[in-house]
Amino acid sequence: MATAQEKATPSCCVASKPAKAALMAASGLATAADWTGRSNGEAPQTKRASAGSSATIATLIQPVVDELSEPPAKASTKGVQILTRAQSSHPLDPLSVAEISVAVATVRAAGATPEVRDSMRFMEVVLLEPDKHVVALADAYFFPPFQPSLLPKTKGGPVIPTKLPPRHARLVVYNKRSNETSIWVVQLSEVHAATRGGHHRGKVISSEVIPEVQPPMDAVEYAECEAVVKDYPPFREAMKKRGIEDMDLVMVDAWCVGYYSDADAPSRRLAKPLIFCRTESDCPMENGYARPVEGIYVVVDMQNMVILEFEDRKLVPLPPADPLRNYTSGETRGGVDRSDVKPLQIIQPEGPSFRVNGHFVEWQKWNFRIGFNPREGLVIYSVAYIDGSRGRRPVAHRMSFVEMVVPYGDPNEPHYRKNAFDAGEDGLGKNAHSLKKGCDCLGYIKYFDAHFTNFTGGVETIENCVCLHEEDHGMLWKHQDWRTGLAEVRRSRRLTVSFICTVANYEYGFFWHFYQDGKIEAEVKLTGVLSLGALQPGETRKYGTTIAPGLYAPVHQHFFVARMDMAVDCRPGETLNQVVEVNVKVEDPGPNNIHNNAFYAEEKLLRSEMEAMCDCDPSSARHWIVRNTRTVNRTGQLTGYKLVPGSNCLPLAGADAKFLRRASFLKHNLWVTAYKRDEMYPGGEFPNQNPRLNEGLATWIKQNRPLEEADIVLWYVFGITHIPRLEDWPVMPVERIGFMLMPHGFFNCSPAVDVPPNLSDVDLKENVVTKPVQNGILAKL
């Protein structure tokens with residue numbers, strides 16, 4: 001991911017190399033040789049820190065004095081882009097186009113035979129994120145704004161390496177010939193290695209074949225599957241029975257099969273497509289999902305692109321063309337658009353309040369880094385708040401949406417097998433939009449591009465993939481003194497980072513909002529087109545809503561999982577967080593509650609992972625607080641951030657529902673684990689056709705690791721139950737769902753009290769005559 005053509009102001013926080021050297025000299029810091037990692041390419045493991053962990057962290061920044069060899073001055077680089085020095089990219093920056101190309105070329109060159117190399121399909125090429133102490137070192141001494149306070153002070157000052165460790169790429173490679181999935185780690189260093197057709201700069205650190213898994217599906221496979229099905233003579237005959245001979249009208253959506261029996265085992269790469277059919281219409285964007293084709297059963301071997309099973313089980317007539325099916329502008333859909341909408345413009349004559357340097361963002365008192373990958377999409381790193389004399393105060397190391405599951409509630413074919421894992425089976429990032437084609441943001445916008453590998457290893461770019469902008473958010477705070485008639489009011493502004501993706505029929509917008517009062521909001525916006533079923537004449541279904549003649553929308557749920565690696569007031573290496581659950585209790589009648597009106601907040605410390613499987617409870621205003629065990633506010637209370645749930649639900653399915661084999665993490669709204677680097681995805685890395693029971697979170701927490709003072713990871717599961725309405729057709733108005741991270745004793749008072757009034761408010765006050773107190777009282781009376 002890289003910065004794109006943008007509308008934002010130039011960064012004003014870039015420091016030159018002399019400035020960096022001056023900073024180090026002023027701090028009394030010595031420079032040493034390059035930092036080198038272990039021989040296997042992994043950074044040294046950090047030990048769990050306690051209150052006296054400064055000495056441990058200090059040892060981590062003592063580099064091995066072993067200079068990396070510089071590349072030959074005139075090396076051959078035909079067909080391969082040159083990588084710059086290691087510290088030209090921050091350790092958390094997404095892979096560049098050059099780095100992706102190098103990683104792919106390195107892995108392909110390592111193939112044992114031409115057949116192996118030609119059959120490689122590159123499902124995912126992403127940054128292998130470094131250990132947290134490497135990030136801290138980079139932020140302290142290599143990248144602006146230089147923050148030496150991130151690392152503990154040591155006697156004589158730390159020894160600073162002249163280079164950061166080389167970056168690494170992690171690749172998921174599918175062998176189309178052998179049906180094997182492998183994981184590769186490539187070091188993106190300055191070291192040359194001879195390959196076919198020239199030189200590259202990567203080094204294979206490790207490779208491993210992962211048995212009994214299937215990687216996510218790719219858009220190329222979806223297109224090939226559609227072509228194979230439409231060319232299959234029995235399918236053409238079945239469509240002819242339904243009055244369709246023009247295959248250009250037919251839409252074939254390849255859905256992963258999930259796992260229901262041994263027939264779905266990952267020894268074969270399978271899909272069971274859903275079929276739809278357009279009408280012969282002049283509408284440029286006709287809603288093809290308005291005519292589902294039912295009764296046709298197809299199983300496709302996605303490895304060899306052949307039809308394994310085909311059966312025309314039941315002749316269900318195609319629904320008639322619904323005159324309300326399209327959603328384009330009035331002229332093209334056969335309707336009339338409303339004419340009383342006046343223009344609304346957002347103008348920032350002095351530019352935005354945020355500053356951007358590469359992927360580093362500063363706004364008001366917030367700062368963080370932006371990342372992006374094919375699976376999760378947007379990732380927010382190193383979230384911190386600049387709190388006056390207390391300086392930079394960390395809140396979270398990493399936040400993202402790591403999985404989503406959409407189970408349907410109709411037990412009939414084909415709807416019972418609709419339970420897509422849209423992140424693990426497809427990829428939220430891979431399906432992201434270029435916001436050049438339509439952006440919901442207004443005002444002064446900064447865009448970021450995203451770079452991915454395609455199926456065959458080429459690099460593709462989604463331009464304007466991530467949107468960064470400010471939004472007015474109504475009232476921030478207000479009070480009027482009724483005695484004097486004087487009032488103070490402030491408007492709220494928030495910084496929003498977002499992207500939007502399409503997975504088949506549905507659109508999802510993922511948003512992180514940062515507020516002036518220290519809150520962080522995670523929000524998902526759901527829109528798009530309902531996935532429909534066809535009805536026989538006179539038929540109704542109890543498991544859905546009739547939308548139009550011959551059409552019904554099955555009930556379903558949407559679940560999202562946010563993973564938040566918290567670091568409340570924790571410096572790198574410190575593991576000083578804990579989680580408490582808070583429930584509001586009504587005081588029992590008695591001497592302490594003679595008026596029967598008393599209630600209070602009761603806290604419960606979550607001491608271990610097995611104890612930290614929690615559900616929302618609106619009746620007790622349940623929420624959870626992540627606290628620092630060693631830092632207090634002015635009243636002596638531990639500083640913290642609380643997770644405040646929004647609307648939520650649990651799966652409406654029996655305990656033996658097949659999709660819950662792979663999605664056992666949906667059984668609770670909150671899970672808390674101790675940080676472990678490779679525990680990233682709640683259902684395991686490969687949920688596609690996964691036969692293993694309860695893989696992921698449900699298995700990890702059986703270790704029952706202690707949480708009383710730990711590096712805490714929150715996994716918040718939130719969902720919405722969708723009972724479709726007629727008003728959701730033909731395109732669904734946005735539904736919003738999410739949660740809030742809110743400071744709880746983190747500050748000594750409201751951090752928003754210093755927000756200045758709007759200029760218009762100041763001008764208004766200058767023309768107001770203060771009322772006498774007596775008049776104020778009379779007015780009140």
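Predicted model: local features only at pLDDT ≥ 70, side-chain atom pairs only at ≥ 80, totals over all residues.
Let's start with the annotations. In an unreviewed UniProt entry, "active site" is listed for D422 and Y506. These residues are spread over 85 residues of sequence, yet they cluster in space, with a largest C-alpha distance of 10.4 Å.

You'll find Y506 in strand β23, which covers residues 506-515. What is Y506 in contact with, leaving aside its neighbours within four places in sequence? The list runs to Y408, C501, T527, G528, V529, L530, H556, H558, H722 and M732. One of these partners, H556, also shows up in a polar contact: its side chain pairs with the side chain of Y506 at 2.9 Å.

Now for the other annotated residue. D422 sits in helix α9, residues 422-426. Is D422 buried or exposed? Its relative accessibility is 4%, so D422 goes down as buried. If you skip residues up to four places away in sequence, D422 touches E403, M404, V406, G427, L428, V503 and Y508.

Next, the backbone. One joins E413 and P414, with omega at about 0°, and P414 falls in the loop between β18 (392-407) and β19 (419-421). The other runs from W729 to P730, where omega is near 5°. P730 is in a loop too, the one between β34 (712-722) and β35 (732-743).

Q364 has phi near 50° and is located in the loop between β15 (360-363) and β16 (366-373). With 43% relative accessibility, Q364 is classed as partly exposed. N464 also has phi near 50° and, again, is a residue other than glycine. Where does N464 lie? It belongs to strand β21, residues 459-480. N464 is buried, because its relative accessible area is 9%. So put side by side, Q364 is a partly exposed residue, while N464 is a buried one.

How values were computed:
Residues numbered from 1 in each chain as written. Heavy atoms only, no water. Helix = DSSP H or I, 4+ residues; strand = E, 2+ residues; numbered from the N terminus. Buried < 20%, exposed > 50% of the residue type's maximum accessible area, 1.4 Å probe, protein only. Contact = heavy atoms within 4.5 Å. UniProt positions renumbered as here; feature names shortened; annotations may be inferred. Polar contact = N/O pair within 3.5 Å; in protein donor to acceptor, adjacent residues only side chain to side chain.
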